[in-house]
Amino acid sequence: MEYIALVYGGFSGEFEISKKSAIEIFNAFDTAVYQKILVRIIDKNWVAEFNNREYSIDKNDFSFHTEQEKIEFKSVFNIIHGSPGEDGKLAGYFDLLGISYNSSDVLSSALTFNKNWCNRFLSTYGIAVPKSVVFYKWEDNSKLYSEISYPCFVKPNNGGSSIGTHKVNIQSSLKTALDDAFQHDTEVIVEEFIQGREFSVGIIKNKGNLEVMPLTEIIVRSEFFDYKQKYSEDGATEITPANIDFEKALECQEIVKKVFKLLRLNKVARIDFILKGDVFYLIEVNTIPGMSSKSILPQQADYLDISFNDLIGILGDI
């Protein structure tokens with residue numbers, strides 16, 4: 001029997017989102033090829049959930065011992081949003097152990113997780129991104145204040161789900177927003193506010209072929225697509241497919257494909273945009289997007305008649 005580890009949890013506030021995705025993926029996973037085992041990673045506590053019991057993971061080789069046998073993993077399905085799953089740390093660990101995984105590699109993960117460097121890299125290839133400056137927690141950032149225009153967005157440079165993110169309309173509110181963002185990261189990115197329509201587009205790699213999902217338009221009931229708007233029952237409205245001109249949608253999908261290739265991503269991504277006038281501004285690249293059945297990317301796949309079970313099968317084909 002070959003075992004696949006469905007790794008969830010993480011070191012950030014996105015733990016609960018990861019857990020929700022992991023449970024649905026676990027239930028959807030085809031066991032014809034692999035025996036699936038949930039592995040929970042929280043700080044230094046790594047635990048395999050197997051046969052209604054919990055066993056400590058041996059980090060020397062990512063295995064665990066039951067009363068009868070030693071269980072080793074053939075591969076890993078990574079569903080950790082944030083660190084250490086989405087920033088490349090686990091990818092490096094599994095590379096050292098020679099265990100295959102379905103998420104992107106160390107360099108691609110680390111680059112996309114850092115919003116500042118990812119956007120700067122993509123801008124050199126003609127991808128439109130917001131103007132931004134980065135504040136560092138233990139440095140004198142006073143000279144940067146003059147570079148900021150209002151309104152703006154303040155958010156942790158390495159993070160997701162809009163945790164610690166604020167829209168700042170006036171300079172007097174900036175310090176409070178920075179202080180809160182610094183609770184979640186040592187780097188904080190301040191981006192120009194771009195007024196426009198918000199879209200999110202998934203992409204998957206299936207047996208070497210790239211398939212771009214239809215656009216989803218996100219219509220929020222607050223100032224921006226924050227944590228509550230993303231995950232509460234009365235949150236944002238998500239329209240799939242978006243009501244947008246066909247040629248314009250195709251343009252966005254081509255940008256998604258270009259970005260996926262430029263960043264050398266693996267298996268899956270979801271990329272967020274703001275359409276201002278005639279220009280799609282790339283806001284963020286998510287290499288481990290939410291994967292509960294109601295998340296944006298599975299909604300998009302469903303529109304293409306790719307069931308949730310089939311989608312998990314594609315992403316788990318390592």
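Asp278 is exposed, with a relative accessible area of 56% (buried denotes under 20% relative accessible area, exposed over 50%, and partly exposed the range in between, for a 1.4 Å probe and protein chains only). This residue forms a salt bridge with Lys248, the closest N and O atoms being 2.8 Å apart (a salt bridge requires a side-chain nitrogen of Lys or Arg within 4 Å of a carboxyl oxygen of Asp or Glu). The pair links distant parts of the chain, 30 residues apart: Lys248 belongs to helix H7 (residues 246-262), whereas Asp278 lies in the loop between strand E17 (268-276) and strand E18 (279-286). Helices (H or I, at least four residues) and strands (E, at least two) are DSSP runs numbered from the N terminus. In contrast to Asp278, which is exposed, Lys248 is buried at 11% relative accessible area.

The model is predicted, with pLDDT of at least 70 needed for local features and pLDDT 80 or more for side-chain atom pairs, while totals for chains, interfaces and linings use all residues. Residues are numbered from 1 along each chain as its sequence is written, and side-chain values use heavy atoms, with hydrogens and water left out.

Across the whole structure, 13 salt bridges were found. The side chains of Arg40 and Glu49 form one of them, with an N to O distance of 2.7 Å. Arg40 is buried, its relative accessible area being 14%, and Glu49 is partly exposed at 23%. Both residues belong to a salt-bridge network that also includes Glu54. A further salt bridge joins Lys70 and Glu72, whose closest N and O atoms are 3.8 Å apart. Lys70 is partly exposed, with a relative accessibility of 38%, and Glu72 is likewise partly exposed, at 48%.

Six strands form an open sheet with mixed pairing, in the order E4-E3-E2-E1-E7-E8. Its edges are strand E4 (53-56) and strand E8 (100-101), each of which pairs on one side only; pairing requires at least two DSSP bridges between two strands. Within the sheet, strand E1 (residues 3-9) is parallel to strand E7 (residues 75-78), and four bridges connect them. Leu6 has Phe77 of E7 as its bridge partner.

Two helix pairs were also examined. Helix H3 (residues 106-113) packs on helix H4 (residues 115-123) at an angle of about 100°, and their axes are 5 Å apart. Axes are lines fitted to C-alpha atoms, for helices over the stretch in contact, and angles run from 0 to 180 degrees between N-to-C directions. H3 and H4 are therefore roughly perpendicular (65 to 115 degrees; under 35 counts as roughly parallel, over 145 as roughly antiparallel, and the rest as oblique). Leu111, Thr112 and Phe113 of H3 make the contact with Lys115, Trp117, Cys118 and Phe121 of H4, where contact means heavy atoms within 4.5 Å. Five of these residues are nonpolar, one is polar and one is charged (Ala, Val, Leu, Ile, Met, Phe, Trp, Tyr, Cys and Pro count as nonpolar, Asp, Glu, Lys and Arg as charged, and the others, Gly among them, as polar). The buried residues of H4 are Lys115, Asn116, Cys118, Asn119 and Leu122. They pack against H3, strand E9 (132-136), strand E10 (152-156), strand E12 (187-192), H7 and E18.

Helix H1 (residues 15-28) and helix H9 (residues 308-315) pack at about 95°, with axes 9 Å apart, which makes them roughly perpendicular. Glu24, Ile25 and Ala28 of H1 meet Phe308, Asn309 and Ile312 of H9 in this contact.
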